[in-house]
Amino acid sequence: MKVDIHAHLMGEEVPGKAFWDGFTRLAAVHTGRDEERIRQRLPDIWDLTGERLIADLDDAGVEKVMIMPVDWGLVPAFKESTMEIWDQHLIHAEVARQHPDRMITFACFDPRRPNAVELLERAVTELGAVGLKIHPAAGFFPNERIVYPMYEKAMELGIPVMVHTGPEPKPLYSRHCQPVYVDDVAADFPDLNIILAHAGLSAWWQEAAGVASVAPNVFLDISGWQPVARLRPLEFYATLRSLIDTVGAKRIMWGSDYPALRLLMPEADWAKAIVEPAEVAQEKGISFSEEEVAAIMGDNAARLLSL
Ligand SMILES: [Zn+2]
C-alpha cells in the first residue's frame, strides 16, 4: 500500500495571505521567474475540496493520504489573514469524510493556545484525527515545557506527533525547526511515536538522522525534498541512501507536503523518483532494495497508523 504521510488542503485564505506572499517571493528567487507570474499560478496550487489531491494521488498510484491544517495563527504577521484554526480542522474533516477510504486527518494546534490540549482531544474524538502535527516555525521550540501537555495528551490518546523540521519561508521562524530540539522530547517520551517532518530538509538532514539514529521512537518523513530530487537528483539519492543507512528503512516515510510543490514536481513524478530511481543514482552505484522502497512508500505509515 502506498501512503502519503504528509499533505495539506490550502487555499487563498488557508493558511493566509502572508504565507502566499512569502512563498511567491521565495519561489521567484529559486526559479528565476517573475513574482507576478508565480502569483498567477497560485490557483493551480489551491485546493480546499481535495478533488485535485485525489486526482494527483490516482495518477501516482497512492491509496491513502494524511491531510492536516497548519496552525500559524499566532505568528504576528499572520494574525490578520489566517482562517480560524478550528474552521481549518472542520474543512479537513469534512473533505476526509467525503473520501473515507483515501483521506485521514491529523490535527495541528499551536501548543501556546490556552485551550490547545482540549482542542486536540476534540479533534481526535469528534473529528477523527489520528495524529498531531506541531509547527515550531510559528515561534516556539518543541522542547519547551509549554508543549509537554500536548505530548502527554497524545500519549493518552495513543497518537503519533509530527514535528516540522527544516527552514521555512518568511515570515515564519526557522531556528525553532532544528531537529536537535526534538531529541529532548524523544528522551522524555520514549513511548511516544514522533515524526520529524521533512527530515530537516537539506539544511539539517544529518541532524535529523542523528536524532533518529539513537531514538527508536523517532521517524522521518521525506516530504518537501522534491526540489532536491528534481534539481539535484544525485544529492537526493545520496542523502536518501545515507538516511536509510543511518536510521533504517523502517522509520522513513514518503510524503508530498501537497500542495505547495505540486507544480515543481507532480505527485506521480515524486512517487516514481523513489520507486524507479533516476539513472544518475545507478551510475553512482546507489540503489534501494524492493523491501526498502515498499517500507518507505507506505508499509511504515500503514504500520505506524494501523491503516
Ligand atoms: Zn507540511
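Start with the open sheet of six strands, ordered β4-β5-β6-β7-β8-β9 and paired in parallel. Select the edge strands next: β4 (107-108) and β9 (252-253). Each has a single partner strand, so one side of each is left without a neighbour in the sheet. Keep in mind that this is a predicted model.

**Stop 1: β6 and β7**

Select residues 161-164 for β6 and residues 194-197 for β7. Four bridges pair these two strands in the parallel sense. Which residue of β7 stands opposite M162? It is I195.

**Stop 2: the side chains of β7**

Show the side chains of β7. I194 and L196 point one way from the strand, while I195 and A197 point the other way. Are they buried or exposed? All are buried. Then follow the chain from β6 through α7 to β7: this β-α-β crossover is right-handed. In a regular strand the side chains alternate between the two faces of the sheet.

**Stop 3: on to β8**

Move across to β8. Three bridges join β7 to β8, and the two run parallel. I194 stands opposite V218 in β8. Trace β7, α8 and β8 together; they make a right-handed β-α-β unit.

**Stop 4: the nonpolar core**

Select L196 and L220. Of the 90 residues in the largest nonpolar core, these two touch the most other members. Which helix gives the most to this core? Helix α8 (residues 201-213) does, with seven residues.

Centre on L220 and list its contacts. Leaving out residues up to four places away in sequence, L220 touches L196, A199, A208, A212, L243, V247, R251 and I252.

**Stop 5: helix α11**

Select residues 267-275, helix α11. Its buried residues are E267, W270, A271, A273 and I274. Where do they sit around the axis? They cover an arc of only 150°, which puts them on the same side of α11. An α-helix has 3.6 residues a turn, so residues three or four places apart point the same way. Next, look at what covers the buried residues of α11: the cover includes α3 (51-60), α9 (226-231) and α13 (290-305).

**Stop 6: the sheet of three strands**

Finish at the open sheet of three strands, in the order β1-β2-β3 with parallel pairing. β1 (3-7) and β3 (103-105) stand at the edges. Each of them has a single partner strand, so one side of each is left without a neighbour in the sheet. On average, neighbouring strands of this sheet are turned by 20° against each other, direction ignored.

Zoom in on β1 and β2 (residues 64-67). They run parallel and are joined by three bridges. V3 stands opposite K64 in β2.

Terms used. Residues are numbered from 1 along each chain as its sequence is written. This is a predicted model: local features need pLDDT of at least 70, side-chain atom pairs count only at pLDDT 80 or more; totals for chains, interfaces and linings use all residues. Two strands pair if DSSP finds at least two bridges between them. Axes are lines fitted to C-alpha atoms, for helices over the stretch in contact, and angles run from 0 to 180 degrees between N-to-C directions. A nonpolar core is a set of buried Ala, Val, Leu, Ile, Met, Phe, Trp, Tyr and Cys residues joined through C-beta atoms within 7 Å. A residue is buried if 20 or more other C-beta atoms lie within 10 Å of its own, exposed if 12 or fewer, and partly exposed in between; C-beta atoms are placed from the backbone. Two residues are in contact if their C-beta atoms, placed from the backbone, lie within 7 Å. The arc is that of the directions from the helix axis to the C-beta atoms. A crossover is right-handed if, with the strands pointing away from the viewer, the path from the first strand over the helix to the second runs clockwise.
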